[in-house]
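This briefing walks through one protein model, topic by topic. Keep the sequence and the 3D view open while reading.

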Amino acid sequence: MLAPGPFASTRGLRRSLHLLAAVSLTALLSSCQSLFEQAYVADVSPSSNPQIVEEVQKGDPRAQMGAREHPRIVASYGGEYHDEKTEKLVARIAGALTAVSENPNQSYRITILNSPAINAFALPGGYLYVTRGLLALANDASEVAAVLSHEMAHVTANHGIERQRREEAEVIASRVVAEVLSSDLAGKQALARGKLRLAAFSRQQELQADVIGVRTLGEAGYDPYAAARFLDSMAAYSHFTSVDPYSDQSLDFLSSHPNAPQRVELARRHARAFGPEGTHGETGRDYYLQGIDGLLYGDSPQEGYVRGQTFLHTGLGIRFDVPDGFQIDNKVEAVLATGPGDVAIRFDGIADNDHRSLSNYISSGWVTGLLPETIRATNVNGLEAATARASAERWDFDVTVIRIGPQIFRFLTAVPKGSPALEPTAEKLRSSFRRITRQEAASLKPLRVRVVTVAQGDTVGSLAARMMGTERKLELFKLINALNSGSTVTPGSRVKIISE
């Protein structure tokens, strides 16, 4: 979470509260969405005349979308991640893919996003994005190549230009919805659904990108089965990070690139054109591990740290805990947390140079459904605070605001109407919120991916014990190294661990 500021507007807060309560709306204009049909016949190829920004701007201003959206995407994902070694690694992979594509003159601008999310996407004009979170999860160069080749296929096949035409119609429809619906919340809900539709490439486009991607992967000399392999890794990661692994569909890449069994099978089917598994291409594991050794893992220092059930921010000088069983998601605009029973939490902050009373601040109009009679001034670990309750059609809310100097920090807890979890959840947040000590601040260091060589006597358990930043050390160690329950480690081989 960034430092408190005007980012938390009244309109944005109401939208965020509802989306939090609904517990699962994560999308970006440039992400992909697909449903796969086993009967699909792979008979497609890239456009013979790919549209890059410089060429198309002359005749079609819609093709400027890539250039226009690039700054917003970078800002939404925490900025660019700069590390010469890692950037050269990604450039090497993309270069190998470009050289064998049917459009080798297509140019790309590749950006590593400073985000722990697992995501990759493309925009018209050759703008490609991959998060450092995805690089940390991948185990070799062929897996990253599989993701990039899929996204590059959207560019060479001109899918983004087609999607831009659909966006114009959707914007008009959204305006009508916003004007017709009397409920502001319903209007925001409809607009959010519209954004999800805009985020989706068509089914045919996704199938084209899969076919082109696997073919490009194999022709570049990479293991063509890496696409199916990495889909499995992402599914395992989704299971690991989800509070309720069998119902939460909000996770990053897989929320827009569903890991349907049909898709994995299609990826393997296309890969078989190069021969049986293990007979074609390289994985590039050695140079890949060298390229990501030291990669920042998890949250960046500028946005605070998540350590188990605790959020700490040295710049803001604060910390708090969420209840057991909750999953913290530290986003650029706010800290979100979800727990059992559809309980959701949002934490953010705003500047308040007027130093108005917190009771007056709560009642100033930014809380929808506020119950004014519930406003109470209080004290949280020596800090001025105030609390209140709010209610919507299906949800109950606790609002807690706490002042430190000219900044107001805000907790918003949402539970299904009548749930007994509201008070204990809100009380846990309030009672644990405090300033961090100098010793705590000094001890906080960012986590990184460290590549280590397996020594004689090392086991999966002993290596997992060296993991930091998680209470589920063994699970995460197996996940980031793509190890199954019966896997062992071999002396002299290299594995990833997470440590300072």
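In what order do the strands of the open sheet of seven strands stand? The order is E8-E9-E10-E14-E13-E12-E11, and the pairing is antiparallel. The model is a predicted one.

**The seven-stranded sheet**

- Strand E8 (327-330) and strand E11 (370-380) are at the edges of the sheet; each has a single partner strand, so one side of each lacks a neighbour in the sheet.
- From one strand to the next, the twist averages 20 degrees.
- Inside this order, strand E12 (residues 383-391) and strand E13 (residues 395-404) run antiparallel and are joined by seven bridges.
- Ala390 has Phe397 in E13 opposite it.
- As background, strands of a sheet pair through backbone hydrogen bonds, in either the parallel or the antiparallel sense.

**The four-stranded sheet**

- An open sheet of four strands, also with antiparallel pairing, has the order E5-E6-E7-E15.
- Its edges are strand E5 (305-307) and strand E15 (434-435), each with a single partner strand, so one side of each has no neighbour in the sheet.
- Strand E7 (residues 318-321) runs antiparallel to E15, and two bridges join them.
- Opposite Ile318 stands Arg435 in E15.

**Strands E16 and E17**

- Strand E16 (residues 447-453) pairs with E17 in the antiparallel sense, over six bridges.
- Thr453 has Arg494 in E17 as its bridge partner.
- Strand E17 (residues 494-499) is mostly covered, with five of its six residues buried.

**Helix H4**

- Helix H4 (residues 84-100) has 17 residues, which at 1.5 Å a residue should span 24 Å; the C-alpha atoms at its ends are 25 Å apart, which agrees.
- Which residues of H4 are buried? They are Thr86, Leu89, Val90, Ile93, Ala94, Leu97 and Thr98.
- An α-helix has 3.6 residues a turn, so residues three or four places apart point the same way.
- Glu84, Lys88 and Ala99 are exposed on the other side of H4.

**Aromatic rings**

- How many aromatic pairs does a search of the whole structure find? The search finds 12.
- Phe311 has a relative accessible area of 0% and Phe320 has 1% relative accessibility, so both count as buried, the cut-off being under 20%.
- Ring pairs link Phe311 and Phe320 into a cluster with Phe347, Phe409, Phe411 and Phe433.

**Arginines over rings**

- Arg92 lies over the face of Tyr287, 3.5 Å from the ring centre.
- Arg472 lies over the face of Phe240, and here the ring centre is at 4.0 Å.

**A loop residue**

- Where is Asn481 placed? Asn481 is in the loop between helix H18 (473-480) and E17.
- Is Asn481 buried or exposed? Asn481 counts as buried because its relative accessibility is 8%, and the cut-off is under 20%.
- Asn481 and Ala138 are 343 residues apart along the chain, while their C-alpha atoms are separated by 8.2 Å.

Key
Residues are numbered from 1 along each chain as its sequence is written. This is a predicted model: local features need pLDDT of at least 70, side-chain atom pairs count only at pLDDT 80 or more; totals for chains, interfaces and linings use all residues. Side-chain values use heavy atoms; hydrogens and water are left out. Buried means under 20% relative accessible area, exposed over 50%, partly exposed in between (1.4 Å probe, protein chains only). Two strands pair if DSSP finds at least two bridges between them. Axes are lines fitted to C-alpha atoms, for helices over the stretch in contact, and angles run from 0 to 180 degrees between N-to-C directions. Rings of Phe, Tyr and Trp (its six-membered ring) pair if their centres lie within 6.5 Å; planes under 30 degrees apart count as stacked, over 60 as edge-to-face and the rest as tilted. A charge sits over a ring if NZ of Lys or CZ of Arg is within 6 Å of the ring centre and within 35 degrees of the ring normal. The expected span of a helix is 1.5 Å times one less than its number of residues.
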